[in-house]
Amino acid sequence: MAQATAPSSRFISGFGVQVLVGMVAGLALGLLARRLGVEEGQAGHALAETLHQVGAIFIQLLRVLVPPLVFTAIVASIANLRELQNAARLVWKTLLWFAITALIAVAIGIALGVTLQPGAHAALDAATAAAPRTNGSWLDFLTGLVPSNILGLNASTKVGEVGASTSLSFNVLQILVISLATGIAALRVGQAGEGFLAFNASALAVVRKVLGWVIRLTPIGTVGLLGNAVAQYGWTTLGQLGAFTGAIYLGLGLVLFVVYPILLTAHGLNPLKFFASAWPAIQLAFVSRSSIGTLPVTETVTEAGLGVPRAYAAFAVPLGATTKMDGCAAIYPALSAIFIAQFYHLPLGVADYALIVAVSVLGSAATAGLTGATVMLTLTLSTLGLPLEGAGLLLAIDPILDMGRTAVNVAGQALVPTLVAKQEGILDQAAYDAAAGVAPEGAVTQS
């Protein structure tokens, strides 16, 4: 079955320019709203509220597609493993490289935290710190692996002044477990499962098409997301946590632009070609702050741009989108834990740093979700015995940090399958060297 390449890189360049224009517009409108005043009754309140709503709607559109996307993508990836002769070897090598890159990233985070000591330079009032509503613990993580229902849904009820309200949310980790079990079962039942797998493949194509339409709204969503972040937090909050913010982005930059290129070069791959192909996914991840929402684009750039076989990429990329988090699960919790320890003047020993490494490498799946890394941070803090209130110090700038974290996450999710494919001799070197662009909706048509 032949693959037809997606629209040309010229279209991607146009889409990339649109996103950049959206970022500039969002920055300008956010600064304007901040200058006019964002409190109710002030001149900039309506503009700030509009930016907030535009960004919130874009994220909500991504969020609603996450459950069907994760389920259909994981089931399809399990089915695609049938096409690979060395499937078991590819699986364990993928997991091994997930761990190796996470280990490198957390080591960089620890080194920066110890060297730069961002917690000693924070102009914050400890009295304003409050523990986040969502906390992570090893018990919750382990029990969370067991699905509470077939849809992976969680219900919560809040009692307020006007009565009680019930809301539903989904647990991506539970959906991942359900999907893996379903995909394996469909293969084990043989011919009886073929109809289900065919339906799942069709459903995945439909979900990806709808998500592609949402992704095309990224330039508009960018205006709202970035504009709201600037309007709400401004430079004052960033200034109070300037050393911490700088340390985080320095760590992310080292992983993205130093570690990853070194690994690529060591495997005989041109780093510039990698970034030329992977950039649409990295850029979308930065704006949307969603590894899962970026999944179709990540998968397509990995296949069409980087030359990873479809059967393998269809397994490795969806798995990475839920468990491979060098930004959220390695650099961020390591630096944040050290920051909080320094802020509260609590010494950390060698055993504590070893625990940070263990939590980051083993607990990555705890970050599974659309955005944010609060669960991973609180899991690290509780393991180390550090005050959970410290996480509240960092929540104000979390959206700003999450942009860079997610971009690194997605870059790693494309990197690992590329390295493994190269090691196994199944990488299409000609496609990699061509560094072709792919469509923003992540569609690779078949004929």
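A cavity, as the word is used here, is a set of grid points where a 1.4 Å probe fits but cannot get out. Keep that in mind while looking at this predicted model, since the structure holds 3 cavities of 30 Å³ or more.

Let's start with the second largest cavity, which has a volume of about 40 Å³. Which residues line the second largest cavity? They are M23, T222, L225, L226, F286, V287 and M403. Helix α7 gives the most, with 3 residues.

| Helix pair | Angle | Distance between axes |
|---|---|---|
| α12 (residues 327–343) and α16 (residues 398–423) | about 130° | 9 Å |
| α6 (residues 194–215) and α10 (residues 295–305) | about 105° | 9 Å |

Take α12 and α16, which pack at about 130°. Because of that angle, α12 counts as oblique to α16. On the α12 side, the residues that meet α16 are G327, C328 and Y332. Helix α16 brings D398, L401, D402, R405, V408 and N409 to the contact. Sorted by class, this contact of α12 with α16 has 4 nonpolar, 2 polar and 3 charged residues.

Next come α6 and α10, with an angle of about 105° between them. Angles from 65 to 115 degrees count as roughly perpendicular, so α6 is roughly perpendicular to α10. Helix α6 makes the contact through R208, L211 and I215, while α10 uses P296, V297, E299 and T300.

Confidence is highest in helix α8 (residues 242–266), at a mean of 94, and lowest in strand β4 (residues 445–446), at a mean of 34.

Two stretches deserve a second look. Over residues 1–12 the pLDDT is below 50, and that stretch has 23 contacts in the model beyond near neighbours in sequence. Residues 442–447 also have a pLDDT below 50; for this stretch, the model shows 17 contacts beyond near neighbours in sequence.

Note on methods: Residues are numbered from 1 along each chain as its sequence is written. This is a predicted model: local features need pLDDT of at least 70, side-chain atom pairs count only at pLDDT 80 or more; totals for chains, interfaces and linings use all residues. Side-chain values use heavy atoms; hydrogens and water are left out. Axes are lines fitted to C-alpha atoms, for helices over the stretch in contact, and angles run from 0 to 180 degrees between N-to-C directions. Helices (H or I, at least four residues) and strands (E, at least two) are DSSP runs, numbered from the N terminus. Angles under 35 degrees count as roughly parallel, over 145 as roughly antiparallel, 65 to 115 as roughly perpendicular and the rest as oblique. Contact means heavy atoms within 4.5 Å. Ala, Val, Leu, Ile, Met, Phe, Trp, Tyr, Cys and Pro count as nonpolar, Asp, Glu, Lys and Arg as charged, and the others, Gly among them, as polar. pLDDT is the predictor's confidence in each residue, from 0 to 100. On a 1 Å grid over the protein atoms alone, a cavity is a set of points where a 1.4 Å probe fits but cannot get out, and a pocket is an open set with protein on both sides within 12 Å along at least five of seven lines; lining residues have an atom within 4 Å of a point. Grid points are joined across faces, edges and corners, and a volume is the space filled by probe spheres set on the points.
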